[in-house]
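Q: Some labels used for a structure rest on cut-offs. Please go through the labels for this one and set each value against its definition.

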Amino acid sequence: MLIAAAAAIALLASCNGKPEVLYPADIVPIPVSVEVTLGGFPVKSSTKITVPEEYAGLEVQARLFVGYLEPVIGREMEVRTGKGRKGDINLSIDPSMGREEYRITSTSRRIDVAGGSEAGVLYGLQTLRQIVQPTAEGAGDYIIPAVEITDKPSFEYRGMHLDVSRHFFSVDDVKSYIDILALHKINRFHWHLTDDQGWRIEIKSRPKLTEVGSVRAQTWVGPEHPPKQYDGTPHGGYFTQDEAREIVRYAAERCITVIPEIEMPGHAVAALAAYPEIGCTGGPYKVWEMRGVTDDVFCAGNELTFELLEDVLTEIMDIFPSEYINLGGDECPKVRWKACPKCQARIKTEGLKDEHELQGYFMTRMENFLKKNGRKMIGWDEILEGGVSPDAKLMFWRAWAGPKWAKTVADSGNRIIMSPTEYCYFDYYQGPAETEPLAFYRSFLPVSKVYEFDPYAYIDASSRDNIWGVQANMWTEFIADIKHAQYMLLPRLAALSETGWAYERKDYDSFKKRMENMTAIYDRHGYNYKPIGN
Ligand code: TNX
């Protein structure tokens with residue numbers, strides 16, 4: 001319907017000789033309904049953004065919009081508080097709407113953006129930002145087409161991840177990354193803060209985690225398979241708690257929840273380098289310089305491990321208000337546990353069958369600690385192998401484990417975030433390896449394939465309701481700076497966001513066309529991206 005309306009408008013506009021609407025409303029992700037009528041709202045120097053007194057908090061989103069428009073129209077619009085009025089862009093909250101739902105009514109006289117909450121209003125403004133355009137006459141005048149748009153997301157959880165362990169990113173880098181997520185109506189930022197290659201968050205009670213654990217001596221920079229090549233240069237960095245809090249605030253203004261990830265029991269060597277007594281062998285350990293998976297993991301038999309992790313999580317919960325904390329749980333080899341007297345003693349005293357059940361014990365114990373503090377756990381799909389409580393949320397990623405495993409995950413009754421490697425791993429190549437920056441060995445995930453992602457494809461119709469949402473992941477073994485991260489992110493994030501927001505309305509040809517508008521925004525902000533091919 002959108003397409004038909006748009007075509008009709010293009011025709012009408014050219015017939016009447018003086019086109020006011022230059023383009024149809026090309027919006028990504030595609031809204032539930034868009035009705036374009038003739039004409040548009042002229043953005044004048046007197047145009048203000050009005051925030052109602054009873055929802056004064058919307059000023060935050062109004063100011064963000066001012067920032068979005070400034071590089072387009074070349075000036076900062078004023079924000080005022082009061083009743084909505086003619087000539088302005090009027091924001092409001094309509095409690096009868098869903099939290100993330102919004103409605104835009106744009107006429108030649110005024111624009112009204114109503115949302116079910118601040119988030120809904122912000123999504124409306126993200127949409128509006130995509131359709132501001134110069135008038136036919138040019139001369140620095142801008143117009144917002146006359147439209148009626150209603151919109152709401154298909155999935156509640158729409159996440160994007162960033163690994164800051166393999167490579168460190170500055171506070172400003174992370175903020176600019178969050179800006180890009182907000183543009184794409186993503187509402188969760190999964191912040192991968194710890195891994196073998198670096199511990200990146202200050203923990204006041206355990207200072208060595210960053211003093212020792214945040215620096216590695218060098219990095220394996222060669223291709224995925226030997227011969228190994230190292231750069232011979234130390235790499236380090238971490239976020240102070242104040243900086244992390246600043247990022248939480250920055251994301252919250254953009255209606256994004258930051259979900260921190262503290263990896264356990266595997267991917268833990270940076271922590272072991274700092275506190276070798278909580279590894280099975282006692283070390284010594286080095287912050288890891290390689291990629292992949294190492295046998296050295298937290299000792300599950302040693303009480304000191306749990307004391308340390310509880311101290312860490314206590315501080316993490318204080319920094320991050322998120323209801324969910326991601327505790328990892330992926331890729332934990334059992335080699336050390338098999339040979340460790342303390343781990344074997346734990347298996348005995350707890351009446352466990354084997355090391356898989358020991359992992360279940362580990363995760364459940366930490367999950368209970370979160371619960372005691374009013375929080376909940378998310379973990380990668382492996383946590384299901386050792387047994388997990390029904391309250392834990394699972395992140396399905398191992399597409400290669402096959403449909404049977406996907407079905408097992410779905411049937412567990414736990415709610416799932418779908419993030420399968422084959423559609424959601426943005427560290428994979430976007431084109432032929434010869435023409436792209438070095439990436440994961442033999443991987444290939446062009447934007448067209450991301451677009452094909454069907455989160456329901458892995459499961460039976462009976463467990464559809466278990467799917468909580470979707471997420472893509474940015475592992476940074478090969479990605480050392482924010483420009484490269486942007487290149488891996490865009491435009492694939494736009495494709496993911498269309499699955500998360502507009503699952504029922506996907507159409508790749510229409511998406512490609514609508515992306516012209518979006519890539520103009522990328523250009524305006526100087527984002528690095530891979531152009532969409534034909
Ligand atoms: C698997 S996905 C990992 C990461 C790697 C990634 C590389 C997951 C839970 N673990 O540690 O960075 O593959 O694509």
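A: Helices here are DSSP runs of H or I with at least four residues, numbered from the N terminus. Val60 has its place in one of them, helix 2, which covers residues 59-73. The model is a predicted one.

Q: Why is Val60 called partly exposed?
A: The relative accessible area of Val60 is 35%. Buried means under 20% and exposed means over 50%, so a value of 35% makes Val60 partly exposed.

Q: How far apart are Val60 and Lys393 in sequence and in space?
A: They are 333 residues apart in sequence, and their C-alpha atoms are 31 Å apart in space.

Q: Why is Thr219 called buried?
A: Its relative accessible area is 7%. The cut-off for buried is under 20%, therefore Thr219 is buried. Thr219 is found in the loop between strand 13 (215-216) and strand 14 (235-236).

Q: Which residues is Thr219 in contact with, leaving aside neighbours within four places in sequence?
A: Contact requires heavy atoms within 4.5 Å. Thr219 is in contact with His167, Gln229, Tyr230, Asp231, Thr233, His235 and Glu289.

Q: What makes a set of residues a nonpolar core, and which residues have the most contacts inside the largest one?
A: Its members are buried residues of listed types, Ile and Trp among them, joined through side-chain atoms within 4.5 Å. The largest nonpolar core has 175 residues, and Ile89 and Trp191 have the most contacts inside it. Beyond four places in sequence, Trp191 touches residues including Leu162, Val164, Phe239, Pro260, Glu261 and Phe320.

Q: Where is confidence lowest and where is it highest in the chain?
A: Helix 1 (residues 2-15) is lowest, with a mean pLDDT of 41, and strand 10 (residues 188-192) is highest, at 99. Over residues 1-23 the pLDDT stays under 50. The chain averages 93, and 95% of the residues score at least 70.

Key:
Residues numbered from 1 in each chain as written. Predicted model: local features only at pLDDT ≥ 70, side-chain atom pairs only at ≥ 80, totals over all residues. Heavy atoms only, no water. Buried < 20%, exposed > 50% of the residue type's maximum accessible area, 1.4 Å probe, protein only. pLDDT = per-residue confidence, 0-100. Helix = DSSP H or I, 4+ residues; strand = E, 2+ residues; numbered from the N terminus.
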